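Student: Hi! Could we look at the pockets in this one together? I'd like to know what lines them.
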Amino acid sequence: MSPGVTEDPPQYPTHPRKARTTMSATRNERLGWLGTGRMGTVMSESLLAGGADLTVWNRTAAKTKPLVDKGAKAVPAITGLSDADIVFVMVSASQDLIDVVTGEGGLLSADKTPSVIVDCSTVSAEASSEVRAACQAAGVDFLASPISGNPHMVADGMGAIVASGPRETYDRVLPYLQLIAPTVVHAGPEEQSRLVKICHNLMLGMITQALVEVTTLAEKGGVPRGAFIDFLNGSVLGSTFIKHKGRALVERDYTPTFNNKMLRKDFDLGLGAARHLEVPMPVSSMVHQLIQTAIGHGFAEEDYAALFEVEARAAGMRSGDDSTR
């Protein structure tokens, strides 16, 4: 079986996009996209909307149809992307990245290879370094460019990309990254972007835990959940994140944008990096165990906002009791 993406196809409504860079700012090179799960589809749609010449591949070929309908070409094998000048990759795990780039039938196995591979996945620095070394040995430039934001936010033009790799490679790819996200930052020459993305997701978990704790305290004291979230949003603490996750808490809607298993993976990576760098992470370590508790309570596939259920149960509040909403 060919390696590839395990994400599901898009299951969300279309959102109006914010104005982004147009293809007039690019060299109009031939682009490839490997991995058309939920996030990969949204990101590659941005390239198509900008007028890119795009060829796509996914392990489950049917998941490329929405992109083909919008003008992309689909190929039956990863090596079919070899005619592209630049290939973007969006997969779900470190081993997937290694497999689709260096494995049998991977991007580097073809007689002809792309000149640049851009990986937008969230993977370990070790896996990224391994793939970067293989690319360098094959004469292919590699840019690690993980993206922040769920598919809804990226579709709305609210994503952020942090990239690392040779500056000249970054400059070449930048116009395409700007089609995908309004914020694009270069963090360094090697795997620095991996650490930035993991630190971001550690903070995501810590902020969520703080939000569910104070929301639980307020609710158990008789404050309607919605009133408390509205107050937070109108205060100096208000943010896009509090607005969206606060609404999930009010409605107890844990439809996944990023589930607890995915967040646990990123905490595993982050705490591993902290051990390597000898950085104490007491708050992250505690939240890691609370994420594990949520998974143990059956919320593995639910959105990480379900940390609220763990906190509510610990506080002796009845699950599903919305009397103080």
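Tutor: Happy to! One term to begin with: helices (H or I, at least four residues) and strands (E, at least two) are DSSP runs, numbered from the N terminus. Also, keep in mind that this is a predicted model.

Student: Got it. What volume does the largest pocket have?
Tutor: Its volume is about 1400 Å³. The lining is made up of 50 residues, and those closest to the centre are Gly149, Asn150, Pro151, Thr257 and Phe258.

Student: Which elements supply at least two residues of that lining?
Tutor: Helices H1 (38-49), H5 (151-155), H7 (192-220), H9 (240-251) and H10 (260-277) each do, and so does strand S7 (147-148).

Student: And which one gives the most to the largest pocket?
Tutor: That's H9, with eight residues in the lining.

Student: How does the lining of the largest pocket split by class?
Tutor: You'll find 19 nonpolar, 17 polar and 14 charged residues there.

Student: Let's switch to the second largest pocket. What's its volume, and which residues lie nearest its centre?
Tutor: The second largest pocket has a volume of about 340 Å³. It has 16 lining residues, with Ala125, Glu126, Leu195, Ala273 and His276 nearest the centre.

Student: Which elements give two or more residues to that lining?
Tutor: Helix H4 (125-137), H7 and H10. H10 gives the most, with six residues.

Student: What about the classes in the second largest pocket?
Tutor: Its lining has seven nonpolar, five polar and four charged residues.

Notes. Residues are numbered from 1 along each chain as its sequence is written. This is a predicted model: local features need pLDDT of at least 70, side-chain atom pairs count only at pLDDT 80 or more; totals for chains, interfaces and linings use all residues. Side-chain values use heavy atoms; hydrogens and water are left out. On a 1 Å grid over the protein atoms alone, a cavity is a set of points where a 1.4 Å probe fits but cannot get out, and a pocket is an open set with protein on both sides within 12 Å along at least five of seven lines; lining residues have an atom within 4 Å of a point. Grid points are joined across faces, edges and corners, and a volume is the space filled by probe spheres set on the points. Ala, Val, Leu, Ile, Met, Phe, Trp, Tyr, Cys and Pro count as nonpolar, Asp, Glu, Lys and Arg as charged, and the others, Gly among them, as polar.
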